[in-house]
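Keep the structure open while you read.

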Amino acid sequence: MNDDAEQQHLAQANPGYAAGQLAAAFRTAAVHPDPDTRRRGEERGRRWRAVLNGMANGLLTIGSRAPVAGLPAWVTPEVVRGGFATGEPSAGGPLLDFEITAARRAGVPEQRRALFGHFLSEEGLTHLHGLLDSGRYEVTVPEEAALLTVAWLVRAGEPDAALDLVEELAPFADRLRFSPRPAERPAPRPDAVHRSTVADASATLARRRPSTAVETQREALAVWQPFGDELLLHWLEVTDEEGYVRVPGPADGDWHTRSAELLRRYRELARRHTHCTKHRKPKENLGILRGALEETVTGRELEPRRLGLLRHAIASMVRRRGRPGSAEHIALRREQAAQAALPSHHALARVVLGRLSALPQDGGVTETAPVVSPVSAEEADGTGVPAGAAIPPAVRRPVEAALSAPVGTLVERGVVPSAEVLAELVPQLVAATTAAARPEPALRTLAAANYRAFRNRRSLLLLNLQRQVRVEELPWVRAVAAHRVDPGADEVAATALRELGGLAVRAFPGTILPNPLVRELSVLARQAELGAPFVEELAADIFMGTFTPKFLTAARVAAELLGGGSLYERYYAIDYRAVRNLAVVEAGNAALRPSHGARTSPGFAALCRQRAAEFAQGAGTSGSWVAGNGTVTEQAQILTTHNLATLVHRVGIEPGAGWDELALRCFDTVCLLTGRVHHNPRPLGTIKDIAYAWRQMVFHLSLCTPQEQRRVLDRMTEDTARRPWHIAGRLAPALTGLRQAIAGDPADAGTGRRLLGWSTGGHWFREDCGRSSAAGS
């Protein structure tokens, strides 16, 4: 595909993707066995039909930051997978229950425009002021903060600003929900950080059902084994020492009477206890004893085969467990009874549910120990669960996931297991720093609630270098932008940025910073006014061949840190002096260009394409245009260090135990991922992740002294020798290349290889590495 055709392909959103998603949703709705899944499939199908219809009739411009005709960019769109807008606003649709209740209470028509007018009346503003003071409201989409902002401006003595905001909102008052949702409890504290809420933990525990397997085992131990002992003792009364069973005759009336009572009890037990069915099987010992007893009670003579089975069953039961009443048998049954008496996870979950019900449901758990402590005597009386019973890990986990604590604590305890999960929590912290600069508590609470809702806004598919809408573009945020006090707010944001950036790098070495986390770090950087450029990972399938100027700015930051002959510069064959010169030239050219339109960095794009072509020499050109794009975007990540240099040089993060230890931890990630390449029919995604981890490792090594670099390389070589042969074989060329770069030679000289993630031909990392090559390394 030539460049012009490629750009034309990328500049238009492909309706075929939407059609494929619609077909998948249709199949799910039609054939999936689960009714709830079928309903979700129907809803997905409705949304994808709206996407296709909107693209066909011109209502939607997929790829634009204002994709819905007639709605400005700040309106929160309904977005489905892939960043496609459906045409419906998230704050639109039919009136919700709380809106209907508010309209009826106010005596106005059940219409959004009527409600909008009511909240601008004296009565409505008084109601909104009460919500601001109490904090008993929820903002689930940013639009629900708009009228609260109007009310705050009115009370702050700024009627002109309030009127300007109302005029901007009014054209959409019939379609969008601008009023907040009342809540029973105040909004959570802006600095509360938790992965899930108490309500989430309660819902998870409430969904627990008794385990059929566990209840079957419990029933076998508590019911059927004791009954089997009684049945065995009954037959032992008529069995001699040599195992011969004497079938009782009519003269043994008492034995027959007790036999009938045993069989009556058996039928009652079988009716009440239905989990365990082993006793019903005629070839099981208990089934043999019971069946023989039934024939005897009815007066039928036992056939020789039945009598032989009976003798064998009695003998095997005594041989395996001892005679009932013996010391051996009593000890076994006592142990099994104790096991059967253990409370089920289901019962213990109900105990924990009771404890959670007393806590605020919309926040996290500030202290988990009381919630997961052993069952108290009072709880035992109310639930029947034994006092002192410990809460098992499976029941503890939902509670621990709701722990509200500093994010570093959550990482240490494993509540935050990945950078992606960290990115989910960061908006809560950024909301707190955003709100900290506001002049009074009501506005701080509102700002934090609005920011949390804004961060739930799903990203749009954007083309032509457009950027996602920022929170400061919302009209109600702009209306109070001037109300920022506390000159120390910049330092608060800078401190939060250092802590979060450092935590992400230290806690998840070898993992690329996910885009949601990069966006939050960018917000903090703007608040701190550090001039720290953060760049996102670009998707190769929609890459337009150009970069915004911040990529070159980030590369210049990397040049300031790593230029002058660093290991990183040598390994990746970068001329950081040329990068600095390019940044100076383009900065001068930018001053002469008009400010309108999307700004690009043609020099940086050309440099990335040139480097991609140089590193691809000899690799072949059989790859797709997506792979070609990937080689270019990877060079952008290499030149910029994908935010690592910005975090170290501009933000000032610290390595913790040391850059050498971080490098070794990155290498652990490299080895772990390399093990997944073996026998993997589709390894390219894993190879890309390996290259990410390797690049971070080289970056951290570059901040070490030459002596530390050689020591770390020796440890990595020793570590590789202990790994499986296929890991050692694949990493041997990369380690050789790193050793050469440390010595001052090109990484790709001789048998050395420079480890990259993308290739337009066959990637050397997926080549078969026999045991001989591993041994020779």
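Helices here are DSSP runs of H or I with at least four residues, numbered from the N terminus. By that count, tryptophan 224 and phenylalanine 227 both lie in helix 10. They sit 3 residues apart, about one turn of the helix. The model is predicted.

**Aromatic pairs**

- The whole structure holds 15 aromatic pairs.
- The rings of tryptophan 224 and phenylalanine 227 have centres 6.2 Å apart and planes at 90°, so this pair is edge-to-face.
- Tryptophan 224 is buried, at 4% relative accessibility.
- Phenylalanine 227 is buried too, with a relative accessible area of 2%.
- Phenylalanine 227 also pairs with tyrosine 266: the ring centres are 6.0 Å apart and the planes meet at 35°, so the pair is tilted.
- Tyrosine 266 is buried, as is phenylalanine 227.
- Elsewhere, ring pairs join Phe543, Phe547, Phe551 and Phe604 into a cluster.

**Helix 10 against helix 11**

- The two helices pack at an angle of about 165°, and their axes are 11 Å apart.
- Angles over 145 degrees count as roughly antiparallel, so helix 10 is roughly antiparallel to helix 11.
- The crossing of helix 10 and helix 11 is left-handed.
- Helix 10 contributes Val223, Trp224, Phe227, Glu230, Leu231, His234 and Trp235 to the contact.
- Helix 11 contributes Trp255, Arg258, Ser259, Leu262, Arg265, Tyr266, Leu269 and Ala270.
- By class, the contact of helix 10 with helix 11 has 10 nonpolar, 2 polar and 3 charged residues.

**Helix 10 against helix 13**

- The axes of helix 10 and helix 13 (residues 304-321) cross at roughly 120° and come within 11 Å.
- That angle makes helix 10 oblique to helix 13.
- Helix 10 passes helix 13 with a left-handed crossing.
- From helix 10, the contact uses Gly228, Leu232, Trp235 and Leu236.
- From helix 13, it uses Leu310, Ile314, Met317 and Val318.
- The contact of helix 10 with helix 13 has 7 nonpolar residues, 1 polar and no charged.

**Helix 10 against helix 14**

- Helix 10 (residues 212-236) packs on helix 14 (residues 327-341) at about 150°, with the axes 8 Å apart.
- Helix 10 is therefore roughly antiparallel to helix 14.
- This crossing of helix 10 and helix 14 is left-handed.
- Gln217, Arg218, Leu221, Ala222, Gln225 and Asp229 form the helix 10 side of the contact.
- His329, Arg333, Gln336, Gln339, Ala340 and Ala341 form the helix 14 side.
- The contact of helix 10 with helix 14 divides into 4 nonpolar, 5 polar and 3 charged residues.

**Two buried residues elsewhere**

- Threonine 86 lies in strand 2 (residues 84-89).
- Threonine 86 is buried, with a relative accessible area of 3%.
- Beyond residues up to four places away in sequence, threonine 86 touches Arg47, Ala50, Val51, Leu60, Glu78 and Val80.
- From threonine 86 to phenylalanine 551, the C-alpha to C-alpha distance is 31 Å, and the two are 465 residues apart in sequence.
- Histidine 129 is in helix 6 (residues 122-134).
- Histidine 129 counts as buried because its relative accessibility is 17%, and the cut-off for buried is under 20%.
- Setting aside neighbours within four places in sequence, histidine 129 is in contact with Ala151 and Arg155.

**Positive phi in loops**

- Alanine 573 is not a glycine, yet its phi is positive, about 50°.
- Alanine 573 is in the loop between helix 25 (567-571) and helix 26 (576-590).
- Its relative accessible area is 44%, so alanine 573 is partly exposed.
- Histidine 679 is not a glycine either, and has a positive phi of about 60°.
- Histidine 679 is in the loop between helix 30 (659-674) and helix 31 (684-702).
- Histidine 679 is exposed, with a relative accessible area of 72%.

Conventions
Residues numbered from 1 in each chain as written. Predicted model: local features only at pLDDT ≥ 70, side-chain atom pairs only at ≥ 80, totals over all residues. Heavy atoms only, no water. Axes fitted to C-alpha atoms, helices over the stretch in contact; angles between N-to-C directions. Parallel < 35°, antiparallel > 145°, perpendicular 65-115°, else oblique. Left-handed = near helix turned anticlockwise from the far one by under 90°. Contact = heavy atoms within 4.5 Å. Nonpolar A, V, L, I, M, F, W, Y, C, P; charged D, E, K, R; others polar. Phe/Tyr/Trp six-rings, centres within 6.5 Å; stacked < 30°, edge-to-face > 60°. Buried < 20%, exposed > 50% of the residue type's maximum accessible area, 1.4 Å probe, protein only.
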